[in-house]
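Biologist: Can you take me through this one? Start wherever you like.
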Amino acid sequence: MKSAKTHVVASTVLCALTLAVTLAARDALPEQVPMQWGLTGEASSFWPRDAVVFGVPAACVAIGLLASARLAGRGEGRAAMYYIAPAVALLATAAIVFLGTR
């Protein structure tokens, strides 16, 4: 079985992949990226492109590390829990890029 340290490193690397996704899509993103939509489907909140490209991955890594720190020492039966934050981060980043480039 893998140690908690291995899971922490692997989940952090997966969270850091969000930087690769946002950097790859940087040129396709508008200067102001929509981040929130109203009930009518119109964007109601925007972030600067560089805040999305660098801020979202930094937040994903921070959340992943916080979640990993909370899980450390709680037993190997929870190994899959280390990968929930990276999975959500990658899905959210894909949605931000997809919706931001439409």
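Modeller: This is a predicted model. Strand 1 and strand 2 make a hairpin, with five residues between them.

Biologist: Which residue in the turn has a positive phi?
Modeller: G41, at about 95°.

Biologist: And how many bridges hold the strands, in what sense?
Modeller: Five bridges, antiparallel, between residues 32-37 of strand 1 and residues 43-48 of strand 2. Q36, for one, has S45 in strand 2 as its bridge partner.

Biologist: Switching to the largest nonpolar core. Which residues are in it?
Modeller: There are eight: L29, V33, V52, V53, V56, C60, A89 and I96. The largest share is from helix 2, with four residues.

Biologist: What does I96 touch, leaving out residues up to four places away in sequence?
Modeller: V33, M35, V52 and V56.

Biologist: OK, helix 3. What's its span?
Modeller: Helix 3 has 17 residues and runs 24 Å from first C-alpha to last, close to the 24 Å expected at 1.5 Å a residue.

Biologist: Which of its residues are buried?
Modeller: In helix 3 the buried ones are A85, P86, A89, T93, I96, V97 and G100. They lie on the same side of helix 3, because they cover an arc of only 95° around the axis.

Biologist: What covers them?
Modeller: The cover over the buried residues of helix 3 includes helix 1 (4-25), strand 1 and helix 2.

Biologist: And what's exposed on the face turned away from the buried side?
Modeller: That face of helix 3 carries V88 and L91, which are exposed.

Notes: Residues are numbered from 1 along each chain as its sequence is written. This is a predicted model: local features need pLDDT of at least 70, side-chain atom pairs count only at pLDDT 80 or more; totals for chains, interfaces and linings use all residues. Side-chain values use heavy atoms; hydrogens and water are left out. A nonpolar core is a set of buried Ala, Val, Leu, Ile, Met, Phe, Trp, Tyr and Cys residues joined through side-chain atoms within 4.5 Å. Buried means under 20% relative accessible area, exposed over 50%, partly exposed in between (1.4 Å probe, protein chains only). Helices (H or I, at least four residues) and strands (E, at least two) are DSSP runs, numbered from the N terminus. Contact means heavy atoms within 4.5 Å. Two strands pair if DSSP finds at least two bridges between them. The expected span of a helix is 1.5 Å times one less than its number of residues. The arc is that of the directions from the helix axis to the C-beta atoms.
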